[in-house]
Amino acid sequence: VPRNSLDPLPMKGPELGVQADDIEAPETEHEPKQEVLENKDVVVQRVHIDGLGRTKEDLLSYEIADVFQARNLIDVMRKSHEARRKLLRLGIFRKVEVVIDTSRGEDALPNGLDVTFEVTELRRMTGSYNTMVGNNEGSMVLGLKLPNVFGRAEKMTFQFSYGTKETSYGLSFFKPQPGLFERNISINVYKVTGQFPWSSLRETDRGISAELSFPVWKTNQTLKWEGVWRELGCLARTASFAVREESGHSLKSSLSHAMVIDTRNSSILPRKGGLLKIHQELAGYTGGDASFLKEDFEIQLNKTLFWDSVLSASLWGGLLLPIGDKPTNIADRFYLGGPTSIRGFSMYSMGPQSEGDYLGGEAYWAGGFHLYTPLPFRPGRGGFGDLFRTHFFLNAGNLCNLNYGEGPQAHLKKLAECIRWSYGLGIVLRLGNIARLELNYCIPMGVQSGDRICDGVQFGAGIRFL
């Protein structure tokens, strides 16, 4: 929403448009409404928040402070809209409405205004219940959320999943700093079981993590410590010896850092802006038997072209360096291929493999060019049709293990050999700002021995796409 847009702001009370009494000279009748409003000096005398229950007022004083700095009507409306957005961002109100009225009372100034935020708090506890059914399996998912636990936008979440094949749970606590929501801490305790058929692997993680997020200039920074007990097992009797060799228990304790710069207008199907994400993880120095340094990055650029089309370019890359004599673990390596990365290949089914089981790689890169255009003849324009886009793509990448005694030049040469690539076209459906679906016709090229391909129609769903 543009910063100067006032449409999302629900207004009540007296009309704030231009009145006949406000026009003193005939020539001002031709001035735009916004210019007249900007020329009318006002003073915000009071800001009220109605509807508070368990929320502490000192938390909200930071979010509404800028309203007092407004000096004209347009500025009052703009800053009130921004304050409303900040209040909703806290995640503790179901509804926030704004009422702007002239000041009343003995100390009321002729040009004084009162701004009132009418809020509706979320319930103390909300719950959800879902069932999921797949091939010969089913699960029940229960969720509980306690928003605003102590009155200052703290949030506690519990999720429990009970299935025919696995049971998972997670408990998290989130607390932002009053006045700076982007600076927050979160603590998580979890048990998660995942099945990875491309590797004939089953993994159960039991862990705890603590995370600190904070802004620095135009970046968002995250520091994290994680301790996790990992149990690896074979998913099928036909699992290769290499996977059986990796099976067993391991303990990972790691410190990680992430930096994100995101100027995109949308994270799901952006029309403009860019993304830079750099992540590094160091394991072994705070305990555990996994020792490695892991670096990976993501770059994305988007540009709006003619006829409402969008050109997008993205680049991913990563490197996993073992520390000491112990080799890297199959659970820590990179995987590539599938409908969300290099299309035209089966899910994570390229690179090092043993007897049909994919073992992941210690280095990879992947790049993509995409052209998104409206549907032919623009059916449903201005409504449901705008959720769909036609998609033309070209993807390429590589995944391999490295001999770390050879040096960087040999590593780059190996990553440039035997490049897998694909091209095709399809349809993209945006599901709000939650996820997106793709149905593509893919033509894989540069296929290497052992790679599994998906030549023809391929369906993909997810949040993060190459």
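Is Tyr 372 buried or exposed? Tyr 372 is buried, as its relative accessible area is 6%; buried stands for under 20% relative accessible area, exposed for over 50%, and partly exposed for what lies in between, with a 1.4 Å probe and protein chains only.

## Model and conventions

This is a predicted model, in which local features need pLDDT of at least 70 and side-chain atom pairs count only at pLDDT 80 or more, while totals for chains, interfaces and linings use all residues. Residues are numbered from 1 along each chain as its sequence is written, and side-chain values use heavy atoms, with hydrogens and water left out.

The average pLDDT of the protein is 85, and 90% of the residues score at least 70; pLDDT is the predictor's confidence in each residue, from 0 to 100. Over residues 1-36 pLDDT stays under 50. For that stretch the model has 44 contacts beyond four places in sequence, a contact being heavy atoms within 4.5 Å.

## Overall make-up

The protein has five helices and 21 strands. Helices (H or I, at least four residues) and strands (E, at least two) are DSSP runs, numbered from the N terminus. Of its 466 residues, 40% count as buried.

Among contacts in the protein with a separation of 6 or more, 58% are between residues 24 or more positions apart. The accessible surface is about 25200 Å², and carbon and sulfur atoms hold 57% of that area. Accessible areas come from the Shrake-Rupley method with a 1.4 Å probe; for residues, only the protein chains shown count as cover.

Tyr 372 belongs to strand E17, residues 363-373. Beyond four places in sequence, Tyr 372 has contacts that include Leu 269, Asp 308, Val 310, Arg 389, His 391 and Arg 436. With Arg 436 there is a side-chain polar contact of 3.0 Å. A polar contact is a pair of N or O atoms within 3.5 Å; within protein, one must be able to donate a hydrogen and the other to accept it, and residues adjacent in sequence count only if both atoms are side-chain atoms. Leu 305 is 67 residues from Tyr 372 in sequence, and their C-alpha atoms are 9.7 Å apart in space.

Ser 314 sits in strand E14, residues 310-322. Ser 314 is buried, at 8% relative accessibility. Leaving out residues up to four places away in sequence, Ser 314 touches Ile 299, Gln 300, Ala 366, Gly 367, Gly 368, His 370 and Leu 466.

## Salt bridges

Side chains of opposite charge can pair when their charged atoms come close. The whole structure contains 23 salt bridges, each a side-chain nitrogen of Lys or Arg within 4 Å of a carboxyl oxygen of Asp or Glu. One of them pairs Arg 46 with Asp 114, with 3.4 Å between the closest N and O atoms. Arg 46 is in strand E1 (residues 43-50) and Asp 114 in strand E3 (residues 112-121), so this pair ties together parts 68 residues apart in sequence. Arg 46 is partly exposed at 22% relative accessibility, whereas Asp 114 is buried at 12%.

Glu 121 and Arg 54 form another salt bridge, with closest N and O atoms 3.7 Å apart. Glu 121 lies in strand E3 and Arg 54 in the loop between E1 and helix H2 (57-64), so the pair links parts 67 residues apart in sequence. Glu 121 is buried at 14% relative accessible area, and Arg 54 is buried at 16%. Asp 262 and Arg 264 meet in a salt bridge of 2.9 Å, N to O.

## A nonpolar surface patch

Residues including Met 125, Phe 158, Tyr 169, Ile 187 and Trp 225 make a nonpolar surface patch of about 890 Å². Strands E6 (155-163), E7 (167-177) and E8 (180-196) are the elements that give two or more residues to the patch. Patches are made of residues with over 30% relative accessible area and no salt bridge: like charges are joined within 9 Å, nonpolar side chains (Val, Leu, Ile, Met, Phe, Trp, Tyr) within 5 Å.

Trp 225 lies in strand E10, residues 219-234. Trp 225 is partly exposed, with a relative accessible area of 32%.

## Ser 240

Ser 240 is placed in the loop between E10 and helix H4 (241-246). Ser 240 is buried, with a relative accessible area of 0%. Beyond four places in sequence, Ser 240 is in contact with Ser 354, Glu 355 and Asp 357.
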